[in-house]
Amino acid sequence: MLSEQSVPVVRATLPAVGSAIGDIADLFYRKLFDAHPELLRDLFNRGNQANGEQQRALAGSVAAFAGLLLENPDERADVMLSRISHKHASLGITSDQYTIVHRHLMAAVAEVLGDAVTPEVARAWDEVYWLMANALIALEARLYARKGVADGDVWRPMEIVDRVEESADAVSLVLEPADDRTVVPFRPGQYVSIQVELPDGARQIRQYSLSAAPGRSGLRVTVKRVRGGGQPDGEVSSWLYANARKGDVLSVSLPAGDLALAEHDGPLLLASAGIGVTPILSMLDHLAAAGATRPVTVVHADRTPDDHAHRQEQLDLVRALPDARLHLWYEEPGDRAPEASAGRADLTGLDLPEGLTAYLCGPVPFMRAVRGDLLSRGVPAEAIHYEVFGPDLWLGRQ
């Protein structure tokens, strides 16, 4: 909760800060990486830095958090903070790093806004930052404690014990501990981070959903090679697709993520597009293994049947559930998928039961469209859960 002194100051300055926060974020990252180049090399996603997505995500999260403090002073931004804290925990972020961020962020605010940053304004926004930072530190400490590890101690050596080509651009890797530790339990829908050393020596990190149910002998991830389409190809996905082989050892984080299937008997909607199918597969695999009888509506959209990673596996899992229905949309269905609809996913004609809980994963435009369809049909916002990989440009608008 903001102090009484800071509320009017933040309210008065939020429009100015909001309009300039893109410039503030750009300058902040330049200052941060000048002082700590190892963070860009080994922690932050260089691709998202180059295209500006990370800067926009920071801008959106800080501005959204400040707005929530003003609009709902007695409530916490639990959804937004939970998602960020899980991402941070999967990277091994520790509390001391928030002090480094604070130093360079507040310096950027002062430089961009100039004389408008009076001591009173600086104190108010300093308070906003530490309210958000301390809430995240506490959430992340709880996540580490649940795993029984020291703060930041999330990295484990994992050996690739199987590799399967799932489509022309997607490969699944089954991972088992390369030391004497056991596989850490996870919930269906969660993800791990994988760190790889690239040819220039950088150790870049990306998140990948666990694409099979808990309780298997290892952890399975499915990596889609990201083609740039005029922009640089994905660094880590391209490296893993080309180089990761059976017997190799990777540095893998403990599982994290707040898009986790809740254990109850109500009806479900599991909606995905593209490689967003991976957390949905984990949920379906878990439901099938548990003999679930709850109603499950499964929606998937892709470019073609050949691009649909784990297509046959998803079909088989849906068939294994007694009250599940699969609805497919392909932009180019061809002759291989007579059961699929042509074009983009459209939920307007689907029969959705009362009390539905929805889980979404895929590109942001897909999730925004599906979420809008669900809201227009009376599904409560709190019953719609989603996962975004990369910077969460959707923060504050959910």
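Helices α6 and α7 are roughly antiparallel to each other, because their angle falls in the class over 145 degrees. For the other classes, under 35 degrees counts as roughly parallel, 65 to 115 as roughly perpendicular, and the rest as oblique. Helices here are DSSP runs of H or I with at least four residues, strands are runs of E with at least two, and both are numbered from the N terminus.

Before the details, the terms of the model. This is a predicted model, in which local features need pLDDT of at least 70 and side-chain atom pairs count only at pLDDT 80 or more, while totals for chains, interfaces and linings use all residues. Residues are numbered from 1 along each chain as its sequence is written, and side-chain values use heavy atoms, with hydrogens and water left out.

pLDDT is the predictor's confidence in each residue, from 0 to 100. Its mean over the chain is 89, and 93% of the residues reach 70 or more. Over residues 393-398 pLDDT stays under 50, and for that stretch the model has 19 contacts beyond four places in sequence. Contact means heavy atoms within 4.5 Å.

Back to the first pair. α6 covers residues 95-113 and α7 covers residues 119-147; they pack at an angle of about 160°, with axes 11 Å apart. Axes are lines fitted to C-alpha atoms, for helices over the stretch in contact, and angles run from 0 to 180 degrees between N-to-C directions. On the α6 side the contact includes Y98, H102 and L105, and on the α7 side it includes W125, Y129 and W130.

Leaving out residues up to four places away in sequence, L14 touches A63, A66, G67, L70 and W125. L14 and G67 are 53 residues apart along the chain, and their C-alpha atoms are separated by 7.8 Å.

Next, α9. Helix α9, residues 277-289, has 13 residues and reaches 18 Å from first C-alpha to last, close to the 18 Å expected at 1.5 Å a residue. The expected span is 1.5 Å times one less than the number of residues. Is α9 enclosed or exposed? Ten of its 13 residues are buried, so α9 is largely enclosed by the rest of the structure. Buried means under 20% relative accessible area, exposed over 50%, and partly exposed in between, with a 1.4 Å probe and protein chains only. The cover over the buried residues includes strands β4, β5, β7, β8 and β11, and helix α10.

α9 and α10 pack at about 35°, with axes 9 Å apart, and their crossing is left-handed. Residues in this contact include I280, L281 and L284 of α9, and Q314, L317 and V318 of α10.

Two backbone notes to finish. α9 is followed by G291, with a positive phi near 65°. H310, in the loop between β8 and α10, has phi near 60°, a positive value in a residue other than glycine. H310 is buried, with a relative accessible area of 3%.

Key. Left-handed = near helix turned anticlockwise from the far one by under 90°.
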